[in-house]
Amino acid sequence: MGRAPGLSVRLKLTLSYAGFIMLVGSLLIAAVGVYYLWYLPEGWIYTTGGDFWINRGMLLRSFAPFVTIVMAFLLTIGLVGGWFLAGWMLTPLARITAATRTAANGSLAHRIRLPGRGDEFGELADAFDIMLARLEAHVTEQQRFAANASHELRTPLAITQTLLDVARHDRTRVTSELVDRLYAVNTRAIDLTEALLLLSRADQRSFTREHVDLSLLAEEATETLLSLAEDHGVILETSGEVTPTVGSRALLLQLATNLVHNAIVHNLPTQGTVWVTTSLHRETVSLTVENTGAQLTPASVSTLVEPFQRGTERIRTDHTGVGLGLAIVDSITRAHAGILTLVPRPAGGLRVTVQLPRQPLQPTAWR
């Protein structure tokens, strides 16, 4: 944004310092002048040798050159001293400005790290450093996400292209088989696109908030995925109490669905179990989903919320999804001011807990 050229802050402060000194000096000299011209006894004063006459006009004419010299001295001191004082005071601002320009040029790794005790400039520099750190992390995450998303979207498109090339060169190939494979690949591409749109919606927090019961959403998600659990030989167990909160019903239902879905498909090959529990606390409500499965390390668990991480150490099936399940859960949780916790179970499997702010119970909104 272009601005018309103007005085620098340092020059403005210098003129302010000099003007203040001149004002104080003028007031002081005026006070002395008023005293001598108005409060001195009229026409004469007493001395030890008698009395003599004092002419006020002569006193004023003799006092004026002295006043001029004093005011010139104060103006010089005000300008010179104010210039150096303003420069010293604005040194932190120069560092902040330099860091801002560096960040504007695309380098987000630079930090001000202003030394000294806390003051207004120090608070501004610290806030700017925190902003740069968060912005750098966000940009890095977005770049990694864009790269992963491009890679994931390229895969079904490449498969589709390959199938079409084969069909074009092999006219005798069975059409129904080709259609089935194209349908499966296209379905995966659609699922991935919808997941990306859902993740973007949660990140932007562009949703309407309403009173919801997290336990009802957990029950609905469990009932929806009951047939999938039966196909995988997984037992679903639900328990808990009414958990009132405020948020997007659709997003929170997606959160519960993703958690239960992940717990089912990343489970033991046979005789697996998933426990879905809701609980009410003093200031929060929580949804906990646990499952049996292979042993997980804390290091591997810490990466599961990253986009396109499918848990390579867990049992994988054809229903592992697009790798955005827990990333979406994490984004929805943060959009609702909640906390997501992932802990490996000692016996194998994973325990995922979502904590959301508790809201007063609305009698008309629940069961």
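This is a predicted model: local features need pLDDT of at least 70, side-chain atom pairs count only at pLDDT 80 or more; totals for chains, interfaces and linings use all residues.
User: Why is Arg-111 called buried?
Analyst: Buried means under 20% relative accessible area, exposed over 50%, and partly exposed in between, with a 1.4 Å probe and protein chains only. Arg-111 has 14% relative accessibility, so Arg-111 counts as buried.

User: What makes Arg-111 and Glu-136 a salt bridge?
Analyst: A salt bridge is a side-chain nitrogen of Lys or Arg within 4 Å of a carboxyl oxygen of Asp or Glu. The closest N and O atoms of Arg-111 and Glu-136 are 2.7 Å apart, and the pair forms a salt bridge. The two residues are 25 apart, with Arg-111 in the loop between helix H3 (91-104) and helix H4 (120-169), and Glu-136 in helix H4. Helices (H or I, at least four residues) and strands (E, at least two) are DSSP runs, numbered from the N terminus. Glu-136 has a relative accessible area of 27%, so it is partly exposed.

User: How many salt bridges does a search of the whole structure find?
Analyst: The search finds 5. One of the pairs is Arg-249 with Glu-220, whose closest N and O atoms are 2.7 Å apart. Arg-249 lies in helix H8 (residues 249-265) and Glu-220 in helix H6, so this pair ties together parts 29 residues apart in sequence. Arg-249 has a relative accessible area of 36% and is therefore partly exposed; Glu-220, at 28%, also counts as partly exposed. Elsewhere, Glu-290, Arg-345 and Arg-351 are linked in a network of salt bridges.

User: How do you know that Asp-330 and Arg-334 meet in a salt bridge?
Analyst: The N to O distance between their side chains is 3.2 Å. Both residues lie in helix H10 (residues 325-335), 4 residues apart, about one turn of the helix. An α-helix has 3.6 residues a turn, so residues three or four places apart point the same way. Asp-330 is buried because its relative accessible area is 18%, whereas Arg-334, at 40%, counts as partly exposed.

User: Why are the buried residues of H6 said to line one face of the helix?
Analyst: In helix H6 (residues 214-224) the buried residues are Leu-214, Ser-215, Leu-217, Ala-218, Ala-221 and Thr-222. Seen down the axis of H6, they fall within an arc of 160°, so they line one face. The arc is that of the directions from the helix axis to the C-beta atoms. The face turned away carries the exposed residues Glu-223 and Thr-224.

User: Which strands stand at the edges of the sheet, and why is one side of each left without a neighbour?
Analyst: The open sheet has 5 strands in the order E4-E6-E7-E9-E8, with mixed pairing. Strand E4 (234-240) and E8 stand at the edges with a single partner strand each, so one side of each has no neighbour in the sheet.

User: What makes E8 and E9 a pair?
Analyst: Two strands pair if DSSP finds at least two bridges between them. Strand E8 (residues 339-344) and strand E9 (residues 350-357) have 6 bridges and pair in the antiparallel sense. Val-343 has Arg-351 in E9 as its bridge partner. Strands E6 (residues 272-280) and E7 (residues 284-291) also run antiparallel, joined by 7 bridges.

Key:
Residues are numbered from 1 along each chain as its sequence is written. Side-chain values use heavy atoms; hydrogens and water are left out.
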